[in-house]
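Hello,

Here is the structure I promised to pass on to you.

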Amino acid sequence: MPDDATDNAKSMSIIVTKGSLDWAYPPFILGTTAAAMDMKVTMFFTFYGLPLLKKKLNMKFTPLGNPAMEMPMFGGHMAMPNIMSVLPGVGGAAGKMMKNLMAKKGVASIEDLREASIDLDIRMIACQMTLDLFEYSTDDMIDGIELGGAATYMEVAAKSDINLFI
Amino acid sequence: MAVHELNAEGLNCPLPILKAKKTIKGMASGDTLNIRSTDPGSVADFAAFCTHTGNELVSSSQDGDVYKFEIKKA
């Protein structure tokens, strides 16, 4: 809990289910901002969200299956036809392009936001079942996380003012 | 009462808020924080931040491309 939070501080929980570069942003942006606004924040990492707790992040990004995505290009915007995304190297190039764009626009990296989450005392729970299912070890994960399951999450959610599933 | 400065120019959401929070955390009650930002979204965001946290938004102004905020810690 933030040091200046009071007993009646608002609280928020987020279930983090997706670990691609683009989907990693909403939970970390909202989590850190809520904590900065003195809210008590809990993030529960499950399924494909769990790798976001790994010491070494290796997030991928793909335009595949996202026809609404447009990148600023040549003064306009350009969408990528899905058929292009399956070509070798296109996904990787799109990921690099996205990271470059974010750095240029002063958007924080996920690494920075995760660091801020730790500084802001956000409670981070790794889903034990996902850990077993995908054969992850807690040795691969950052320090300071807890292990838990659905009941652990529900206990938090039942007394939170805001509950999000992302 | 001390006056603190924070240059958040070039940073995008939510970094100006996160950096402001970090600075405010180290300030004493009644201290003032002057922030400079170039993120147009920070105008609404600092107002919301102050409303929720109880810190006082003493002033919010624009100087060309730069947005200036003065926050007094509660």
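Let me start with one residue: B:Leu33 is buried, because 20 other C-beta atoms lie within 10 Å of its own (buried means 20 or more such atoms within 10 Å, exposed 12 or fewer, partly exposed in between, with C-beta atoms placed from the backbone). Please keep in mind that this is a predicted model, in which local features need pLDDT of at least 70 and side-chain atom pairs count only at pLDDT 80 or more, while totals for chains, interfaces and linings use all residues. Residues are numbered from 1 along each chain as its sequence is written, and chains are lettered from A and ligands numbered from 1 in the order in which they are written.

B:Leu33 sits in strand β2 (residues 32-37) of chain B; helices (H or I, at least four residues) and strands (E, at least two) are DSSP runs numbered from the N terminus. Leaving aside residues up to four places away in sequence, B:Leu33 touches B:His4, B:Leu6, B:Ala20, B:Thr23, B:Ile24, B:Met27 and B:Ile71, where contact means C-beta atoms, placed from the backbone, within 7 Å. B:Lys73 is 40 residues away from B:Leu33 in sequence, yet their C-alpha atoms are 7.8 Å apart.

Stepping back to the whole of chain B, its two helices and four strands run β-α-β-α-β-β from the N terminus on. Of its 74 residues, 32% are buried. Among contacts in chain B with a separation of 6 or more, 56% are between residues 24 or more positions apart. The C-alpha trace spans about 30 × 20 × 20 Å along its principal axes.

Now to where the chains meet. The contact takes 11 residues from chain A and 11 residues from chain B. On the chain A side, helix α1 (residues 21-36) gives the most, with four residues.

That helix, α1(A), packs against helix α1 (residues 15-25) of chain B at an angle of about 35°, with the axes 9 Å apart (axes are lines fitted to C-alpha atoms, for helices over the stretch in contact, and angles run from 0 to 180 degrees between N-to-C directions). A:Thr32, A:Thr33 and A:Ala36 of α1(A) meet B:Ile17, B:Leu18 and B:Lys21 of α1(B) there.

Enjoy looking through it!

Best wishes

Definitions and conventions:
Contact = placed C-beta atoms within 7 Å.
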